[in-house]
Amino acid sequence: MKRRVPAILAASALALGAVQATAPAASAKAVGEDSLAALLTSDGNTFDKNKNDFDIVTEAALAIVAAKPDSPVALLADGSKRLTVFAPTDEAFRLLAKDLTGKTIKSEKKIFDALVELAGVDTIETVLLYHVVPGKTLTSNKVLKANGAKLTTAQGGKITVKVKTKPSVSLTLKDRDKNAQDPKAVLKALDLNKGNKQVAHGIDRVLRPIDL
């Protein structure tokens, strides 16, 4: 059973409906309205030892909304709003922490604490919004047909989709940091929350809105 979305996230989402007013018009096709926040918190949203799930990005979103209730990040709790999230795995954040600190940190809680200390809430908010494409429900079928497309994120910057089909299918997202390895989609973690207006795709590195 999915656990209830934390009240602070859900309440903040109610105040942010207007944020989507300028988003691209979406199809009128009827789909579900289960939010990504409900999915991401359905396992109890606690840190664990599974490097392939999404505990760190979930805790980061909750921390942002706790500190900044008016943040657009709260829209992840409003399943009536269309959006697509490219969600970094916990291992992706471990790689980011190593890039920034020069150390390999094993504990997810310590990775989270280190990133908050290094970057601060405002920067983390900016980074998370760079992973959100507002106003569009982009299933993997659509994304894999979008080679060369530039997607505008909730942060305001763009990410470029690169698709290869040979020797095997791969999906790469090119961000603003030209020196770091670009994230690739985790093919076993596509279409999270499929059937709803909000979908997510796992990626193996954190997208960077600036050149670090």
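This is a predicted model: local features need pLDDT of at least 70, side-chain atom pairs count only at pLDDT 80 or more; totals for chains, interfaces and linings use all residues.
Which residues of α3 are buried?

**View A. Helix α3, residues 55-67, is largely enclosed by the rest of the structure.** The buried residues here are Asp55, Ile56, Val57, Thr58, Glu59, Ala60, Ala61, Leu62, Ile64 and Val65. That makes ten of the 13 residues of α3, which is why the helix counts as largely enclosed. From its first C-alpha to its last, α3 reaches 18 Å, close to the 18 Å expected at 1.5 Å a residue.

**View B. Helices α3 and α5 pack against each other at an angle of about 55°.** Helix α5 covers residues 108-129, and the two axes are 10 Å apart. The helices are therefore oblique to each other, and their crossing is right-handed. On the α3 side, the contact is made by Asp55, Ile56, Val57, Glu59, Ala60, Ala61, Ala63, Ile64 and Ala67. Their partners on α5 are Glu108, Ile111, Phe112, Val121, Ile124, Glu125 and Leu128.

**View C. The buried residues of helix α4 pack against α3, β1, α5 and β6.** If you are looking for these residues, they are Asp90, Ala92, Phe93, Arg94, Leu96 and Ala97. Helix α4 spans residues 90-101, twelve in total, and reaches 16 Å between its first and last C-alpha, close to the 16 Å expected at 1.5 Å a residue. Just after the helix comes Gly102, with a positive phi of about 80°.

**View D. Thr84 sits in strand β1, residues 83-88.** Its relative accessible area is 0%, so Thr84 is buried. Look for the polar atom of the Thr84 side chain that lies 2.6 Å from the backbone oxygen of Lys136. Beyond its neighbours within four places in sequence, Thr84 is in contact with His131, Val132, Val133, Lys136, Thr137, Leu138, Val199 and His201.

**View E. His201 belongs to strand β6, residues 198-203.** Is this histidine buried or exposed? His201 counts as buried because its relative accessibility is 1%. Its side chain reaches the backbone nitrogen of Asp191 at 3.0 Å. Leaving aside neighbours within four places in sequence, the residues in contact with His201 include Thr84, Val85, Phe86 and Ala87. Also among them are Leu138, Thr139, Ser140 and Val143, as well as Ala189, Leu190 and Asp191.

Conventions
Residues are numbered from 1 along each chain as its sequence is written. Side-chain values use heavy atoms; hydrogens and water are left out. Helices (H or I, at least four residues) and strands (E, at least two) are DSSP runs, numbered from the N terminus. The expected span of a helix is 1.5 Å times one less than its number of residues. Buried means under 20% relative accessible area, exposed over 50%, partly exposed in between (1.4 Å probe, protein chains only). A polar contact is a pair of N or O atoms within 3.5 Å; within protein, one must be able to donate a hydrogen and the other to accept it, and residues adjacent in sequence count only if both atoms are side-chain atoms. Contact means heavy atoms within 4.5 Å. Axes are lines fitted to C-alpha atoms, for helices over the stretch in contact, and angles run from 0 to 180 degrees between N-to-C directions. Angles under 35 degrees count as roughly parallel, over 145 as roughly antiparallel, 65 to 115 as roughly perpendicular and the rest as oblique. A crossing is left-handed if the near helix is turned anticlockwise from the far one by less than a right angle, and right-handed if clockwise.
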